[in-house]
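Dear colleague,

Please find below the structure that I am handing over to you, together with its sequence. A summary of the findings follows it.

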Amino acid sequence: MYNSKIIGLGKYVPDNVVTNDDLSKFMDTSDEWIQERTGIQERRWIPEGSEDTSSVMGAKAAKIAIERAGLTKDDIDFIVFATLSPDYYFPGCGVQIQDLLDMPTVGALDVRNQCSGFVYALSVADQFIKTGMYKNILVIGAEYHSNGLDKTTRGRGVTVIFGDGAGACVLSREEDSSKGILSTHLHSEGKYADKLIVASPSIKHWVPEIIESEEEDISYYPYMDGTFVFKHAVVRFSEVIMEGLTKNNLTKDDIDMLIPHQANLRIAQFIQKKFGLSDDKVFNNITKYGNTTAASVIIALTEAWEQEKIKEGDHVVLAAFGSGFTWASAIIKW
Ligand code: ACO
């Protein structure tokens with residue numbers, strides 16, 4: 001049995017910075033409200049006319065990750081792509097990566113687990129490597145939120161939170177079982193699906209029906225019961241981190257770096273306090289990028305690594321919670 005190890009990391013965010021003050025020009029919100037509730041100062045939104053999409057941004061991040069891994073596209077055996085904002089209803093973004101990177105006809109899989117998507121995708125890739133089926137897997141998280149948000153005051157509770165971007169890593173076979181991904185932990189609770197949802201268009205609410213409907217609750221835009229989600233997030237984050245530590249006979253004192261999904265700075269601060277972690281042991285970049293859903297954990301991991309905040313032998317903990325509900329953690333020995 002092999003282990004799996006991250007050997008290359010990359011990220012891509014659009015250049016276009018949208019500040020809180022920019023948002024207040026087209027909806028009733030304020031920099032003060034957004035910073036106080038979420039910590040977010042600005043986010044990146046793909047500008048009009050750009051060719052970027054989830055798959056295009058994912059490909060840009062992937063190229064960097066492959067290069068930093070010291071590999072070429074031809075060394076990649078499989079693709080796992082996590083997003084809630086695919087370019088098309090179908091096919092998924094994974095196959096577009098195969099095409100955009102001009103790769104051989106390797107398998108490509110899409111993961112639809114929203115904010116937990118990257119950790120789920122990493123777990124899937126980890127299993128393929130541990131069984132010996134594949135050697136090098138490209139794992140990508142990318143989101144193009146901005147084109148699907150309600151940019152009026154009606155949508156302000158959701159729209160101010162989300163940003164666009166992509167991150168990618170190459171997960172590779174590791175012979176030393178004490179190194180790499182030690183374990184992953186995945187959960188879901190579908191009874192809360194409607195607490196954070198884009199309900200249409202879907203097979204249940206297909207396009208003609210939406211156009212003709214006068215019902216206000218059939219919407220193209222994301223709906224979130226923010227307070228409900230917040231309460232569940234803080235509990236599930238803590239549980240799934242503890243589950244991972246316990247599985248590996250570790251304690252909170254063994255955490256060298258916690259990379260929480262960047263949902264809300266207040267959630268991350270709550271978790272930090274609960275686990276008694278000092279500021280240098282938790283990485284946050286939500287202030288700059290907002291919540292980039294399936295891209296958030298991998299963008300944050302990439303930046304933490306780029307800033308040399310992670311060193312060999314560190315215990316790195318990834319944790320996420322989001323729509324589904326789904327939540328997940330990964331315990332990594334770097
Ligand atoms: N600007 C100004 N006022 C606003 C805004 C805004 N952008 N948004 C909402 N408000 C108003 C509301 O209308 C409400 O006004 P009222 O009291 O007059 O009715 C008031 O502010 C309070 O609204 P709440 O929704 O109760 O605000 P809350 O403190 O809960 O903060 C937030 C909202 C930031 C969304 C928070 O609930 C949150 O972060 N929730 C968790 C998000 C999360 O973790 N999501 C999971 C990942 S996302 C994924 O999986 C896709």
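**The ligand and its surroundings**

Helix H8 provides the largest share of the shell around the ligand, namely four residues. Please note that this is a predicted model. At least two shell residues each come from helix H2 (31-38), helix H6 (156-159), helix H8 (226-247) and strand E12 (315-322). Both domain 1 (3-176) and domain 2 (181-333) contribute residues to the shell, and the ligand therefore lies between them.

By class, the shell consists of 13 nonpolar, ten polar and three charged residues. Of the 26 residues around the ligand, those that come nearest are Thr29, Arg37, Cys115, Asn264 and Ser323.

In Thr29, a side-chain N or O atom is 2.7 Å from a nitrogen atom of the ligand. For Arg37, the distance from an N or O atom of the side chain to an oxygen atom of the ligand is 2.5 Å. Asn264 places a polar side-chain atom 2.6 Å from a ligand oxygen atom. The ligand taken alone exposes 1,000 Å², of which the protein buries 72%.

**Leu100**

A separate point concerns Leu100, which is situated in helix H4 (residues 93-100). Its relative accessible area is 39%, so Leu100 is classed as partly exposed. Leaving aside residues up to four places away in sequence, Leu100 touches Ser55, Val56 and Ala59. Val56 is 44 residues from Leu100 along the chain, and the C-alpha atoms of the two are 7.5 Å apart.

With kind regards

Methods. Residues are numbered from 1 along each chain as its sequence is written. This is a predicted model: local features need pLDDT of at least 70, side-chain atom pairs count only at pLDDT 80 or more; totals for chains, interfaces and linings use all residues. Side-chain values use heavy atoms; hydrogens and water are left out. A residue is near a molecule or strand if one of its heavy atoms lies within 4 Å of it. A polar contact is a pair of N or O atoms within 3.5 Å; within protein, one must be able to donate a hydrogen and the other to accept it, and residues adjacent in sequence count only if both atoms are side-chain atoms. Accessible areas come from the Shrake-Rupley method with a 1.4 Å probe; for residues, only the protein chains shown count as cover. Ala, Val, Leu, Ile, Met, Phe, Trp, Tyr, Cys and Pro count as nonpolar, Asp, Glu, Lys and Arg as charged, and the others, Gly among them, as polar. Domain bounds come from an automatic or database domain assignment. Buried means under 20% relative accessible area, exposed over 50%, partly exposed in between (1.4 Å probe, protein chains only). Contact means heavy atoms within 4.5 Å.
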